[in-house]
Every structure is written in structure tokens, then in C-alpha cells.
Amino acid sequence: MTDDEELRKVFERYQKLLFKAANSTQSEMPYSFVAEFSHKMDAANLNFKQLARRYIDKAIPDVDMSASAESVLRSAGAFHETANVKLTTYVQMVSKLTESAEQFKERIQAHIAEDEKNGTTTTVTDLKEYIRTELRTGQGMAITYSNGARMPTDKYAEMLARTTRIETQNIAMLGKALDDGNDLVECSTISPTCSTCAVYQGRIYSISGNTPGYPALYKTAFRNGYSCIHPNCRHQFFPYNPKFHTEEERAQLEKDTRRPMDEEKLSDSARSAYARSQMQMRQWNKEMNEFAMMRERYGDNAPYKTLGAFRRAYRSEEGSLPYAKTHYYRKDERQFTEFESAIGKENMPENLAKFQQMKYNDREEFNLLNHYQFSRKKGNISALASFELFKTTKVKIENATIGKMAANGTVIQKVSLHFVDRLIGTIYHKDNEPKHEGMALKDMQDILFNGVPSSKLKYDKFNRPSQNIEIESKGIVTVNTDTGELVQCNKKGTS
């Protein structure tokens, strides 16, 4: 497991503790709920501190440097005392998390106050959902910068840890150079790179700032006092030894070292390459976060067990089942729950995965299910009519009518789903008044083929023509005379 993965595990545990705190808080009044949740949150913060200290001790390497080298670095302007790099990192990580935790508590209080101002009451259920949503989206525990930008605490901690690791590596190299009596270090070259690093990479620097002809390291590349160019920087600095370079390489290094720092410009191709690399990094991070949220939501039942498998599915063709399972699973889960609530488990696919399989790979079947649940909710068909009955009824109607000529001379081409609703019918509507009683298939056939067409056509609001065919003792069947579609049927005595 990499150091970054190890740190994510620390935050995953912390996140679970916060969810547990929200779910287990028992107070029934909003403000007492916040007080109890805050107490449990403080306990989670204490647990995080212990885990963070263990992580930093393991992930951040120790720096062994002589007192004389340490003195040179401090005189040059280094921000950290090398012996305190781990402690400084720990304090920064914990202090930022504590700060964001206090801000989260304040936002919860403000959420209640805002509801009171608007004349509404915040329930404990509302508060729990608010907290869970804030935590899921990463906005609950986030660092707020002076410009108003917010960064989730786990992302801030990852940035801090990565930056500290490169800092300690650079400090160790600076110390080695100084202990060997060498005041010069060179910066690695990385392509593509950002515009800031492009200014400083591929040069030779003086650590102390006292070697003539070479820029002072802590007044240029490390001018911020930290031993790296910027947070999350990948550039490394190591002792400069002319023996390790050819004559041509030495000449180029000396030339690059003396180029004006304020004239460094990236070419269009270099700028585009860097932009692409950053876009790819953002894509990777987004996929990693989405995978973590899916695993948190479904645990071992998640459809993808590894980040690699999730990424391949996430990047698959839009409209495909793998794409939908990684992009739309939250929406599909809500829809699955809504459908199940309306029509019961017995009429639904066995689970969410099979529901998605139907939705994205068998659109015709899904459209039937969607119409069926809508009709059930509206009370257009009886609750006793299963989805299987709905489908078989549709097939029976099609077999009995398609391609045949109705009594008005129209050849039947298709059957509307509304027509299937009407044939099945329902004895009672929601208001308990008799409505839309179903019609027997044989009676529908008798009316359609042997009934009396109305003398005039009717037009709906979309200007579609239809004609009623009637047998007075049985009822009416309505046909679209343009498309040959069966529109609806009404048994005698029903509306």
C-alpha cells in the first residue's frame, strides 16, 4: 500500500466515525442534537490525531543532518528545522482538521438558525441528512482559504503529506551536499511542467547563497522558505557534481543557470502538454473519489471491486451499461427505490444491478416497466394486475389486432400502452369512485371489427384524428385513423 493510500485509509476511518456519530446521536431537539453530535465529533477528532501521528511517523522519513549543515540552511532562510519536520507536518494536519471541524459545527448551527428565520422547523431527521450530505460531498470537513475557496480536509492532508515527503528528500540532499563541502545543488527537469517550475528547473543553485555566479536557492526556487518550489511539487534537488555530467551537459547546465529568470516562457506545445497532464490528474482524482464513494455506499456489494476496473468502466462509451453503472448509480438507486415503493418487489428486477441491466440494455422492457409503475401510481390499472399480466395482455392485444382491418376501414398498426391500461382497467380509483372498469379481450375484438364507426372524426390538442367504433351494449374502442394505433377502450357504463 502506498503512502497516499495509507493516508486515505486514515480519512476513510475518520469519515466512518463521523457518519456513525450522526446516525447514533439520540437527542430529539435540534440544538441538543448538535451538542451531542459535537461531543462525538470531538472523540472522532482525537482518534484521528492518534492515527495521523502513526501515519506521519511511518510515511515521513527522518532527516539526519549535521549541526553545521543545519546552521547553513537556517541562515539561508529555510523555514523548517529539519528535526521538526514531522512535528510541523503533524501540527499543520491536525490544526487544519480541528479548524474545519469547528467550522462544520458552526454551519450546522447556522443551518438551524436559517430555518428558524424562514419560519420552518428543523427536525433531527433533517439535521442527520444535512450532515450526511455535507460529509458525502466533501463540503462538511473542508479547509477554507482566504479567497473563499474550499478544499476537503483529506485532499489538503494528501497535499501536505506529499509536499513534506519531497521537502524531506530535498533537505536530506542539501545536508549531504553541505556535509561533503559542496554548496551547489541542481534541480531536476520534468516535462511537462507548470509555468512556475519551468523558471527554476534545470539550473544550479547555491545553498548558502554565497557562491558567486549561482542564484541563491532560498531567494529563488525556495524563496517561500519551504524546501520545495511549491506545494505538491515533484522537482527534486541533489548535489551538483561536474564529474557526473559530460562536457556538453555541464556547458548546457551553466548556460541554463544564467538565463534570466523573468524571461522564462513556456512554448504553446509545452503549455498544452502540461494542461493535458493536469487534466489527466484531475480525471484520475475524480475517478478515485467516485470509487471511494461507491465503496463507502455499497461496501462489498459494490459492482466494482478494484479502482482499475472502476476506471475502465468510468471511461467506457457513454450510454453503455458500464458507463451508467459508474456515473448514474445514485440516480438509478433512487429510481429503483421509487419504482419498488410504487409496485412492490414482486414486480421489480431482483436488485439494482439487474434494474440497470434492463434500463440500459433492454430499453423496450424498461419503458414498459416505467409506464406500468406510472399507471399503478395514478390508479389507472388495478393493483392486482402484475407487471407480467400487463406484458402478456399487451402481447395478446397485438396478436389479436395488428395487421387486421377495423370496422372503420383502418388497418391496425400498433397498440398504445394507455390502451393496455384501459383493457385491464381498475374497479376503484383513488377517490373510491367506480372508474375505468376493464374490458374483456373478446368484447374489444367484437367492437373493433364488428362495431359501428362514429360519423365524425375527433381531433386532440395535437391535431391527431381519431374515430370511435361502438357496440352500444358493450362499449367503445377508439382508433387513430392516421397511424392505425389503438388509442383507448371504454366498457359500457364507464367514463
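This is a predicted model: local features need pLDDT of at least 70, side-chain atom pairs count only at pLDDT 80 or more; totals for chains, interfaces and linings use all residues.
Helix H14, which covers residues 363–378, packs against helix H15, which covers residues 387–401, at an angle of about 115 degrees, and the axes of the two helices are 10 Å apart. Where H14 passes H15, the crossing is right-handed.

On the H14 side the contact involves Glu365, Leu368, Leu369, His371 and Tyr372, and these meet Phe387, Phe390, Lys391 and Lys394 on the H15 side. Sorted by class, the residues of this contact comprise five nonpolar, one polar and three charged.

## A sheet of three strands

Three strands make up an open sheet with antiparallel pairing, and their order across the sheet is E4-E3-E5. Strand E4 (204–206) and strand E5 (237–239) are at the edges, where each has a single partner strand, and therefore one side of each is left without a neighbour in the sheet. On average, and with direction ignored, neighbouring strands here are turned by 40 degrees against each other.

Between strand E3 (residues 184–187) and E5, the antiparallel pairing runs over three bridges, and valine 185 has proline 239 in E5 as its bridge partner. Helix H6, made of residues 153–179, lies across E3 and E5 and runs at about 20 degrees to E5.

## The second largest pocket

Rolling a probe the size of a water molecule over the atoms shows where empty space is left. The second largest pocket holds about 290 Å³ of space, and it is lined by 13 residues, among which Asp460, Arg464, Ser466, Asn480 and Val487 lie nearest its centre.

Strand E8 (458–459), strand E9 (465–471), strand E10 (475–480) and strand E11 (485–491) are the elements that each give two or more residues to this lining, and the largest share, three residues, comes from E11. By class, the lining of this pocket has three nonpolar, six polar and four charged residues.

## The cavity

How many cavities of 30 Å³ or more does the model contain? The count comes to one, and the space in the largest cavity is about 40 Å³.

The lining of the largest cavity consists of Phe11, Phe48, Met93, Lys96, Leu97, Ile143, Thr153, Tyr156 and Ala157, with helix H4 (85–117) and H6 each supplying at least two of the lining residues. H6 is also the helix that lies across E3 and E5. Divided by class, the residues lining the largest cavity are seven nonpolar, one polar and one charged.

Technical notes: Residues are numbered from 1 along each chain as its sequence is written. Side-chain values use heavy atoms; hydrogens and water are left out. Axes are lines fitted to C-alpha atoms, for helices over the stretch in contact, and angles run from 0 to 180 degrees between N-to-C directions. Helices (H or I, at least four residues) and strands (E, at least two) are DSSP runs, numbered from the N terminus. A crossing is left-handed if the near helix is turned anticlockwise from the far one by less than a right angle, and right-handed if clockwise. Contact means heavy atoms within 4.5 Å. Ala, Val, Leu, Ile, Met, Phe, Trp, Tyr, Cys and Pro count as nonpolar, Asp, Glu, Lys and Arg as charged, and the others, Gly among them, as polar. Two strands pair if DSSP finds at least two bridges between them. On a 1 Å grid over the protein atoms alone, a cavity is a set of points where a 1.4 Å probe fits but cannot get out, and a pocket is an open set with protein on both sides within 12 Å along at least five of seven lines; lining residues have an atom within 4 Å of a point. Grid points are joined across faces, edges and corners, and a volume is the space filled by probe spheres set on the points.
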